[in-house]
Every structure is written in C-alpha cells, then in structure tokens.
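Please read the numbered points alongside the display.

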Amino acid sequence: MRLKSMSMQEGSPDPDSASVSESIHARRPRRRPLLIAVSLILLLIAALVLPPLINISRYQRQISASLAAALGHPVEVSGIKLQLLPRPAVQIANFVVDSTTGYSAEPILQCSSVTAAFRITSLWRGRLEIARISLDEPSLNLERGPNGQWNFASVLLQASRAQQAPTGGTTARGQNRFPYIEANNARINFKHGTEKLPFSFLDADVSIWLENPDEWQLRFAAQPMRTDINLSLADAGQVQVSGSVHRASSTNELPLNLQAEWRGAPLGQVTRMLVAHDLGWRGDASVTAHITGVPNALALQLSAAASDFHREAFQPAQPLNLHVTCTATYRHAIASIDGIHCLSPVGNGSLALTGAMHQIHAADPEPDLKLVAHHVPADEVLELLRHTRGRLNSDIALSGSIDGQLAYARQPVPAGTHTTVTVLHTMASGAWIATNLVVRGDNMEQPLPDLHFAVQSAARPAQPVALVLEPAQIDLGGPQPLVANVRLTRQRYQIHYSGSALLQNLLPLAHAFNVVPGAFQGLQGNGAADLRFGARRDVGHTARRGEGNDIGA
C-alpha cells in the first residue's frame with residue numbers, strides 16, 4: 001500500500017512546478033516586444049550618431065574616378081557624406097560631368113545634390129550595390145558638335161558596353177544590377193556648337209532603368225520652352241516620351257522604340273514655340289509620334305490635330321477640326337528626311353504631301369515636296385476660309401470639288417540678265433482646278449464656270465509666291481459675261497473684273513463672298529450694270545479704284 005501511494009505521488013504533476021513553468025512562459029512573450037523596441041532604438045541612435053563619425057570623404061577621389069570610368073567623362077564632386085535613414089545611401093554634393101574634346105567647355109551635367117541609395121540585401125552579402133540614383137534639379141546641356149554627334153551619345157555608348165543585370169532582377173547572378181536612375185525638376189538645354197539654342201525643357205522628370213539585359217526603358221515628362229520670347233509655362237503644354245533603347249556597338253546603331261506626345265498647348269502658343277511669333281491661329285493642338293529604328297534610319301509616324309481651329313480675330317459659329325497623319329524616315333548621316341507621306345482627309349477627298357527634306361540642319365534646307373489635292377469638296381475650302389478670314393456669308397453653300405498639285409523644290413533659275421550662270425532657288429509652282437461649282441443660299445443658286453488657279457514663284461527669292469486666278473467668264477444674265485481675275489500673296493490681293501450683269505444675280509453673289517466690302521453699296525433693284533472694277537489691298541491699308549456706268553434699277 002505504501003509503495004502504491006508513493007508511485008501515485010511520483011506520477012502526478014507537482015502543482016508548484018507547474019505554476020513556475022507557466023510563469024516563465026508568460027514572461028517570454030512580454031520580453032520580445034521590449035527586445036525589439038530596444039533594438040530599434042539602438043539602430044536609430046546608430047543611424048543618427050555613426051554617419052558623422054564615419055569619414056567617407058577620404059574615398060571622394062576613388063568615387064569620382066569610378067564615376068568617370070562608368071560615364072566616360074571627367075567627373076567632379078565637392079563633397080560626399082553617408083546617410084543610414086530612411087535607407088543607407090551616399091549623398092554627393094555639386095556633382096559635375098565635364099565635357100570632352102570636340103565640344104564646348106560647358107559641362108554636360110550639373111547637379112547640386114545626388115543621392116545613391118544602396119541595396120540593403122547586398123550589404124548582408126558583403127557586396128556593395130547601388131539600387132537607386134536620384135538627381136535633384138539637374139541641368140543637362142545637350143550639344144551637337146561639328147561632326148554631327150551629340151555630346152551625350154558617348155555616355156549612352158559607355159553604358160551599353162557595361163554588362164549589368166536588369167534593375168528589377170531578384171538576383172544579380174554575379175553582376176551588379178543596373179540602378180534605377182531618376183531626375184526631378186531638371187532643365188535640359190540644347191546647343192549647336194558654342195551657340196545655345198532657344199529651345200529647352202523645364203521641370204523635367206526623367207526615369208531610366210534596365211528592363212532586360214540588352215534593353216533600357218525610359219520615361220520623360222517636361223514642359224517645352226523658348227528662352228528668346230516671353231512664353232508662359234502654363235500655356236506650353238507638356239511633352240511626354242516613353243520607350244526603350246537597346247545596346248549597340250556605336251551610337252548610330254542604337255535601336256530605339258519611342259512613343260512621344262505633346263498635349264495641352266493652345267495653337268497660338270505652338271506657333272510661337274516653333275517660329276517665335278504668333279501666327280494668329282487659335283485652337284487646341286496635340287501631336288503624337290512613334291519613333292523606331294536606329295539614328296541612321298529612324299522610321300517616323302506622326303499624328304497632329306487641331307480642334308476648334310480659327311483665326312484670332314473672331315469665333316466662328318461652327319468648330320473646325322483638322323487632322324493629319326505622316327510617315328517618314330530620318331537619316332542622321334546625311335541630315336535628311338526621306339519618304340515623307342502625309343495624308344489629311346477632307347470630306348470625301350484628301351490632301352497628300354509627299355517628298356523629302358535635305359540638309360535639314362543647314363541654314364537653307366533643300367525641300368523637294370509636292371502637295372496633291374484629290375477631290376477636295378469646295379464647301380470644305382469655303383468653311384476653312386470662314387475660319388481664317390471671317391468675312392464670308394455664313395448662309396451660303398458651295399458645291400463642287402478641287403483638284404491639283406503644288407510643288408515646292410529647288411529649281412534652276414538664271415542669276416540675272418547680264419549673266420548666263422544658272423543658280424538654284426527654292427520655288428513653288430503648281431496648278432489647281434475647281435469644277436462643278438454652284439453657289440447656293442440667300443435666295444440664289446448661281447452656277448460658276450471651272451476656275452483655274454496657278455501658283456507662281458518669282459525668280460528672285462525676295463519676291464512673294466502668288467496664287468493667280470486665270471480670267472474666268474461668269475454668266476450673270478448680262479449681254480456679256482463678267483470676266484474676273486484675282487492675284488493673291490501674303491502681302492496683298494488684287495482683284496479685277498469687267499463686263500455686264502443683272503443686279504439680281506450680281507448683288508447676292510457679291511454679298512455672299514464679300515470680297516471688296518462696300519464696293520456695291522447703293523446698288524439695288526433688278527436692273528443691269530456694266531462694270532469695270534479693280535481693287536488692291538495691302539497690309540495696313542486698302543486702296544480701291546472702280547468705275548460703273550449704265551446702271552439701271
């Protein structure tokens with residue numbers, strides 16, 4: 001009995017020992033948060049105290065030399081310091097990438113602050129690897145040298161030679177991964193030799209990373225600007241570019257695949273950006289482009305649109321939307337754009353521009369272009385005139401179609417009357433015909449004869465191109481037809497017509513087109529008129545001469 005009792009006591013748990021064990025297990029979970037908190041505090045203290053104590057500046061020369069070797073250009077830095085929060089990184093002050101022989105002395109890149117953040121996982125492996133390089137408000141100068149090469153091209157070529165793993169790769173596989181490079185609020189300037197061009201980009205955000213072993217991806221967004229005129233940034237719109245660049249053995253063979261877009265700019269500001277003054281056009285403009293190939297043979301696909309197009313002086317009753325698509329090939333080695341083909345649908349017809357532009361970087365480029373109109377509805381042309389001139393009667397309609405072509409190219413022209421030497425001038429020439437024309441509206445329906453137009457260029461470049469309406473005979477019910485001819489240039493127009501007409505046919509037609517305002521004031525009724533009238537309008541003033549006789553009402 002005693003043995004049994006002792007056996008039972010040995011097999012049963014001790015209440016005191018059980019309570020002690022429970023107390024120990026209860027204390028352990030309470031200690032873990034405390035240990036974690038103490039560790040974080042110690043790490044925070046180390047992150048705040050250790051960086052000033054670590055003299056990383058003594059490696060400034062080595063770091064500058066490494067960056068110069070990686071970029072292929074001399075590099076200058078004024079200071080380097082270490083940071084541990086929010087992530088381990090090196091901060092570089094006054095980072096400058098200098099130019100090389102063959103370009104101006106102005107640096108390629110200047111940035112007051114650059115941060116190179118490390119990959120935390122690489123620190124545990126004992127191998128230093130940069131994850132992200134951030135440039136704050138850098139200034140980039142892109143210069144085109146006398147040989148046609150850009151100064152930044154050598155940086156791209158140097159980067160393409162370095163074998164690195166993709167930026168987003170999970171493992172480096174024995175290679176450092178290409179860092180994610182970003183620039184915020186950058187300014188990009190353009191230079192041709194020592195001359196700084198007026199075009200630049202402001203507030204640019206740029207991102208570059210290695211997507212695949214042989215493919216970089218990039219994103220770019222900035223506001224275009226001209227420095228030689230007063231242009232508001234709010235009206236400049238935004239240019240966005242995204243795409244890829246592949247490795248190559250030379251800069252002219254770098255494969256590109258880029259998408260570009262320019263939106264949010266009023267048409268008046270677009271013309272100021274391109275030609276430095278306002279052409280008086282209004283509307284909302286947008287341009288998109290797809291660029292593929294290599295610099296020596298870039299395939300270009302462009303699409304441009306202008307909504308609510310009109311002249312500045314007035315707002316038309318109906319909006320007019322314009323759209324054109326283009327394809328071409330840019331050849332950097334010979335500075336030309338070949339295979340130009342632009343198409344703009346106009347009602348049931350179209351306008352097509354074909355040809356090439358040679359020596360596009362020269363002061364006097366050499367165009368070889370042809371504009372062809374195919375069955376362009378006459379009413380669409382009338383609508384365009386309403387939006388650009390504003391004096392045409394909005395109640396009339398014009399049926400018929402327009403066909404023809406205009407050539408703009410270098411053509412041989414004799415130099416003068418005292419020499420037989422032939423020189424080349426850029427000249428415009430062509431012919432247009434408007435057929436099956438009928439004017440309707442304002443209680444009239446007046447057929448018009450086929451109108452023949454010719455484009456004439458003077459032998460002297462200083463003289464303007466003229467659009468000439470060959471003499472046309474219009475039957476307005478008089479004993480003899482009314483003969484009209486017109487000459488138009490950018491500076492003036494000249495109109496002359498003579499003959500006879502019934503007033504009930506003449507007055508509605510004159511009111512509809514309003515070519516010479518006030519010329520027929522005082523004429524009314526159903527009589528006949530014999531007319532001989534001429535008018536000329538110059539920029540800034542109008543001079544008219546006219547004579548009418550045998551007017552009856």
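1. A contact, as the term is used in this note, means heavy atoms within 4.5 Å. Leaving aside residues up to four places away in sequence, Ile188 touches Leu140, Leu142, Ser200, Phe201, Ala204 and Phe220.

2. This is a predicted model, in which local features need pLDDT of at least 70 and side-chain atom pairs count only at pLDDT 80 or more, whereas totals for chains, interfaces and linings use all residues. Residues are numbered from 1 along each chain as its sequence is written, and side-chain values use heavy atoms, with hydrogens and water left out.

3. Confidence is expressed as pLDDT (the predictor's confidence in each residue, from 0 to 100). The protein has a mean pLDDT of 79, and 76% of its residues reach 70 or more.

4. Of the contacts between residues at least 6 apart in sequence, 49% join residues at least 24 apart.

5. Of the 553 residues in the protein, 36% are buried (buried means under 20% relative accessible area, exposed over 50%, partly exposed in between, with a 1.4 Å probe and protein chains only). A nonpolar core is a set of buried Ala, Val, Leu, Ile, Met, Phe, Trp, Tyr and Cys residues joined through side-chain atoms within 4.5 Å. The largest nonpolar core has 48 residues, and Ile92, Phe95, Ile188, Phe201 and Phe220 touch the most other members. Another core lies apart from it, with 33 residues that include Leu382, Leu437, Ile474 and Leu506. In soluble globular proteins, nonpolar side chains tend to be buried together.

6. The structure holds 1 disulfide (a pair of cysteine sulfur atoms within 2.5 Å). Cys326 and Cys342 form this link, with their sulfur atoms 2.0 Å apart. The link is right-handed, with 115° about the S-S bond. Cys326 lies in strand 14 (residues 322-331) and Cys342 in strand 15 (residues 336-346), 16 residues apart. Cys326 counts as buried at 18% relative accessibility, and Cys342 counts as buried at 10%.

7. A search of the whole structure finds 11 salt bridges (a side-chain nitrogen of Lys or Arg within 4 Å of a carboxyl oxygen of Asp or Glu). One of them joins Lys191 and Glu106 at 3.0 Å, N to O. Lys191 is in strand 7 (residues 180-192), and Glu106 is in the loop between strand 3 (89-97) and strand 4 (109-118), 85 residues apart. Lys191 counts as buried at 4% relative accessibility, whereas Glu106 counts as partly exposed at 27%.

8. Which residues meet in a salt bridge at 3.8 Å, N to O? They are Arg440 and Glu445; Arg440 counts as partly exposed at 35% relative accessibility, and Glu445 is exposed, with a relative accessible area of 55%. Elsewhere, salt bridges that share partners join Glu106, Lys191 and Lys196 into one network.

How values were computed
Helix = DSSP H or I, 4+ residues; strand = E, 2+ residues; numbered from the N terminus.
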